[in-house]
Amino acid sequence: SMTLPYLLQSDDLSVEEKNKIHADIMNRTSDGPFSFYSSESKNEGTDSSPPPPKWDCLVLTAMNEQQRRIFELQLASIPWQEYTEKCVVIQDPPGAKAGSGGATVWVLKENRDRRYFEEDSKVLLIHSGGYSQRTPHLSNVGKIFMTTPYGRSLLEVKLHQLKSLLPSLRPGLFLAASDVLEKLPEEIKQIEEDTDCLLLMHRSPIEVARNHGVYVVDDESGELLRVLQKPSEEEMRESGGVRGEEASPWCFTDSSYFLSSRLISSLLDHVRDLPQMEICAYGDFLRPLGKQKDDLPSVDSSSDLAAWHDALYACFNDCKTELFDCGPSSFFHFGSLKECREHWYGVMEGREIPVHSTWMYKVGHGSIVEYSNLPPNPFMVVGERSIVSGCYIGRNEKNTVIPDDIVVYSSPVRRNDVQGWITVVIGSSDDVKRVYEDGAVLWSGTTLRDCKEDTSLWEAPLFELAAGAQQSLLQSLRKYEHRETEPEVLTSSGWSMADVVRYVDVDKLIEFRRQRRELWWRYGPESLGEPPASAE
């Protein structure tokens, strides 16, 4: 049985009360990660104030041509012109996986050929390509376009929060990740003229530091000594990276950083002729920094990786580095489903309020509902700690229950002449990326016996094509419910999560989300109406 503490049941609140809550959300001020609606932002652009500074160019990376197009279509509904003079999406290089470092170099090479921005520009580069497998409901749209509780995208919040850095920066490249928000202090000092690298750092507990980069800083001079990558607690303590009281130790952890135009030019000169391979913009680029830097990693001296490490050490070894302490509670990571829910509910104060969705139904504690049409009746139930995205159920459907602890998302697909909808349903704790050598893939506690060897849940053909979004959702929920009693759930016609990303009907997906977003902004929670044409 499910315990369902919920806020918005049809007989709890009047329409006027629900719409007032909707209006309150639109005008909330928050000290958390989604501090988009601040008093400063609302007063910007008045006749008496100078225009706010802008980036010269915003660059998003995309893993392939399809993702590039999806990003460009979503950018059309985002007011990026308020934050940057130009916006461009650059597809990752063909061939071998490039990683965030390789993608950075590729952007710089592409710019030399196509002149997206000049050498004296201030450029914001957000690494946004990839499958988002740890947050699979974002696989089609990209983590940078994740919806926040205010209905704005993560990109909009990030642009708003990073713009305060602009007056302090000189021309160069500011690198940022798509699944992180950085909260900056109100006062930011101007960086020195000869600084080549500015590192933002955050005061994070040890359990967070284990999964990120750690800056070891000299107590007296405040200078950077070493950069550790995903270190153990023992390594952090031995290097002097652990600070604070014994009861609540913390470390300086990494996030975004700035490279000067001079350093960018030097980087290109050093790596121009090296073969493409997977290089990290954090683990590889930043390792050579610090007065007590690590030695070169131990690899075959004749390998391509060794050549990259040599070039990066030569480039970054002697550059002047500044550190910028963003303080405690200033780093918010959205790399997992658990983190997405935690940050969401930190802002919403525990209220279960769907976004870009109808909401006159029961929503369990800790659940997120976005871009979904669900019917306004007491028999429509969303369980606890679940994520529901892009789903549709009409008014006449009764007794629909979305279980606890799942991720469910619907997507329009098109493969050759075949088109329809696929709904993915997995457990919140499922390891989507794990490869099972014997083919015994684990799906929410049930072992699937008929998968091919060396298959992951991401590649398992579990889900059936349906003509419409409602049929797709209901049949996937039924399959999930009976997965233990009917273990022969795989079919030759099944679609995998990987297939959904590969064959997503881009135009229909973007139109479905656009319609839900516009209805929500315009009419609030009373905007169910008829099914959007794109959901038929």
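Modeller: pLDDT is the predictor's confidence in each residue, from 0 to 100. This is a predicted model, where local features need pLDDT of at least 70, side-chain atom pairs count only at pLDDT 80 or more, and totals for chains, interfaces and linings use all residues. Residues are numbered from 1 along each chain as its sequence is written, and side-chain values use heavy atoms, without hydrogens or water.

Biologist: OK, what is the mean pLDDT of the protein?
Modeller: Of the residues, 84% reach 70 or more. Averaged over the protein, pLDDT comes to 86.

Biologist: Which element has the lowest mean pLDDT?
Modeller: Helices (H or I, at least four residues) and strands (E, at least two) are DSSP runs, numbered from the N terminus. Strand E3 (residues 122-127) has the highest mean, 98. Residues 36-43 stay under 50 throughout. The lowest mean, 44, belongs to residues 39-43, helix H2.

Biologist: And how many contacts beyond four places in sequence does the model have for residues 1-12?
Modeller: Contact means heavy atoms within 4.5 Å. Residues 36-43 have 19 such contacts beyond four places in sequence. For residues 1-12, where pLDDT also stays under 50, the number is 41.

Biologist: On to the helices: is H8 roughly parallel or antiparallel to H9?
Modeller: Angles run from 0 to 180 degrees between N-to-C directions, with axes fitted to C-alpha atoms over the stretch in contact. H8 (residues 261-271) and H9 (residues 304-316) pack at about 155 degrees, their axes 9 Å apart. Over 145 counts as roughly antiparallel, under 35 as roughly parallel, 65 to 115 as roughly perpendicular and the rest as oblique. So H8 against H9 is roughly antiparallel.

Biologist: Which residues of H8 meet H9?
Modeller: On the H9 side you'll find Trp-308, Ala-311, Leu-312, Ala-314, Cys-315 and Phe-316. Facing them from H8 are Leu-263, Ser-266, Leu-267, His-270 and Val-271.

Biologist: H8 packs with H4 too; which residues of H4 make that contact?
Modeller: H4 (residues 99-114) and H8 pack at about 100 degrees, with axes 11 Å apart, so the two are roughly perpendicular. H8 brings Ile-264, Ser-265, Leu-267, Leu-268, Asp-269 and Val-271. H4 brings Val-105, Leu-108, Lys-109 and Arg-112.

Biologist: What is the bridge partner of Val-407 in E18?
Modeller: E17 (residues 406-415) and E18 run antiparallel, joined by 10 bridges. In E18, Val-407 is partnered by Ile-426.

Biologist: Finally, how many Å apart are Tyr-116 and Cys-87 in space?
Modeller: Tyr-116 sits in the loop between H4 and E3. Beyond four places in sequence, Tyr-116 is in contact with Cys-57, Lys-86, Val-88, Ile-90, Glu-110 and Asn-111. Cys-87 is 29 residues away in sequence. C-alpha to C-alpha, Tyr-116 and Cys-87 are separated by 8.9 Å.

How values were computed: Pairing = 2+ DSSP bridges.
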